[in-house]
Structure formats: C-alpha cells, structure tokens
Amino acid sequence: MYKIIVLISGNGSNLQKIIDQVESGNIKAEISAVISNRADAYGLQRAEKANIPTITLDHTQFTDREAFDQSLAQIIDSFSPNLIVLAGFMRILSDPFVEQFQNKLINIHPSLLPKYKGLHTHKRALEDKQKEHGASVHFVIPELDAGNVILQGVVPVKEDDTEESLANRVHQIEHIIYPKAVKWLVEGKKLSLDEPPKIYLEPI
Ligand code: GRF
C-alpha cells in the first residue's frame with residue numbers, strides 16, 4: 001500500500017480534500033499519519049474524525065530548528081512513507097531534512113510559481129494588477145518555493161478583489177489541484193515538469 005504522511009499547522013482544508021478522495025477510493029493510498037507542530041491545529045480533528053493517527057511535535061520544545069527537524073524526520077521515517085505532503089505546514093525545513101526526503105516531499109504554494117515566492121502572495125499579485133493568480137503544487141528543494149512544479153491552478157483576479165476574496169478563490173483551486181497532484185504521484189503518472197499543466201477555475 002502506498003503510504004502518505006501529511007504535515008499541517010492549521011485549518012487543514014487541503015488535508016480534508018485529500019482525506020475525502022482517499023475515503024472515496026479516488027486516491028488509492030493510505031494516510032498513515034497527520035503530523036502537526038501545533039496541538040491546536042484544527043486539521044488534527046479532521047484526521048481524528050477520519051480515524052487517521054495524529055502526532056503533535058511542538059517546535060517550542062526544541063532548542064533549535066535542526067533538533068526539531070531531526071525528530072520530525074525520525075517520526076516520518078518510522079512510517080516508511082512514499083510521499084510527504086506539506087499542507088499548510090508553517091515551518092521552514094532545514095536542508096538535511098529536505099535532502100533526506102528529496103522527490104518524496106511536496107508543497108502547495110499560493111501563487112503561480114515562479115511568480116511570488118515567499119509570503120503575502122495575494123497582496124503582491126493585487127498590487128501588480130495581475131489578471132490571473134493561483135496556486136502551484138511543487139516538489140520541495142532546499143531553495144524556498146523553487147522545486148519543480150507538478151500542477152498549477154489558475155484563478156482570475158477581479159476588479160473589486162480584496163486580499164481576502166482573492167485568497168478564498170485561490171483556496172478553491174487549491175482544493176482541486178492538491179488531491180489531483182497527489183493522485184498522479186500515487187499512480188506514478190509521467191509528469192510534465194518542463195511545462196506543468198494548468199487547471200482553470202473559470203475562464204479568464
Ligand atoms: C494554503 O493556502 C496553502 O497555499 C498554504 O497554506 C494554506 C493551507 O490552508 N501553503 P489549509 O490549512 O489547507 O486550509
């Protein structure tokens with residue numbers, strides 16, 4: 001059985017969509033565990049409801065990033081997963097961690113990479129008067145938000161958009177593309193990393 005570990009820090013709405021597709025049989029894999037660095041992450045409750053084992057690893061209990069990452073890597077390794085899915089995991093992972101799980105570690109970033117790496121992506125897209133914005137599922141490499149993109153979701157930016165309305169629209173497309181990218185990886189689909197496919201929420 002193909003094994004997935006999901007790492008979260010918060011709400012876990014993307015986690016929920018992946019759980020839903022595993023439960024419906026569309027993604028033929030097992031979510032072996034959901035790990036959070038915060039005990040109050042709502043996503044932990046979502047996992048419990050789906051009978052998925054949960055683990056909290058509180059980063060404030062560690063002296064430094066390396067110690068936390070080592071402990072996290074050990075826990076992940078104990079499940080021998082095929083894929084590690086970052087779904088709103090709000091921590092930078094150190095290079096040794098990323099290298100250890102190279103090609104098995106994916107993230108979703110709220111922009112059409114390589115545009116708007118880093119934070120405040122919706123605000124920056126609005127300031128630049130972009131006509132389109134979106135989200136990218138990508139492999140994680142040591143350089144931030146720079147790994148190969150697997151799949152992108154595109155949404156229109158509307159005249160009267162606020163940061164919040166745009167963020168909500170991006171979230172909608174995230175919920176479509178993240179489970180789809182996970183499904184592709186589970187099925188070993190040949191990826192077109194040179195020119196990643198795009199899914200449009202609505203015509204632009
Ligand atoms: C998403 O917006 C994603 O782009 C970012 O973190 C957020 C997670 O949202 N990496 P949720 O916890 O899945 O609702």
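Student: A pocket here is an open set of points, on a 1 Å grid over the protein atoms alone, where a 1.4 Å probe fits and protein lies on both sides within 12 Å along at least five of seven lines; its lining residues have an atom within 4 Å of a point. What is the volume of the largest pocket?
Tutor: This is a predicted model, in which local features need pLDDT of at least 70 and side-chain atom pairs count only at pLDDT 80 or more, while totals for chains, interfaces and linings use all residues. Residues are numbered from 1 along each chain as its sequence is written, and side-chain values use heavy atoms, without hydrogens and water. The largest pocket has a volume of about 990 Å³, a volume being the space filled by probe spheres set on the points, which are joined across faces, edges and corners.

Student: Which residues are closest to its centre?
Tutor: Gly-88, Phe-89, Met-90, Ile-108 and Pro-110 are the closest, out of 34 lining residues.

Student: And which element gives the most to that lining?
Tutor: Helix H6 does, with four residues. The elements giving two or more are H1, strand E5 (105–109), helix H5 (121–127) and H6. Helices (H or I, at least four residues) and strands (E, at least two) are DSSP runs numbered from the N terminus.

Student: Where is the ligand, then?
Tutor: The ligand takes up the space of the largest pocket; to sit there, more than half of its atoms must lie within 2 Å of the grid points.

Student: Which residues surround it?
Tutor: Asn-11, Gly-12, Ser-13, Asn-14, Gly-88, Ile-108, Pro-110, His-171 and Glu-174 surround the ligand, each with a heavy atom within 4 Å of it. Helices H1 (13–23) and H6 (163–186) each supply at least two residues of this shell.

Student: How much of the ligand is buried?
Tutor: The protein buries 84% of the 370 Å² that the ligand exposes when taken alone, by the Shrake-Rupley method with a 1.4 Å probe.

Student: Changing topic, what lines the second largest pocket?
Tutor: That pocket, of about 170 Å³, is lined by Ala-125, Leu-126, Lys-129, Gln-130, Lys-131, Val-157, Lys-158 and Glu-159.

Student: Which peptide bond is cis?
Tutor: The bond from Leu-113 to Pro-114 is cis, with omega near 10°. Pro-114 lies in the loop between E5 and H5. In the loop between helix H4 (95–100) and E5 is Asn-103, which has a positive phi of about 70° although it is not a glycine.
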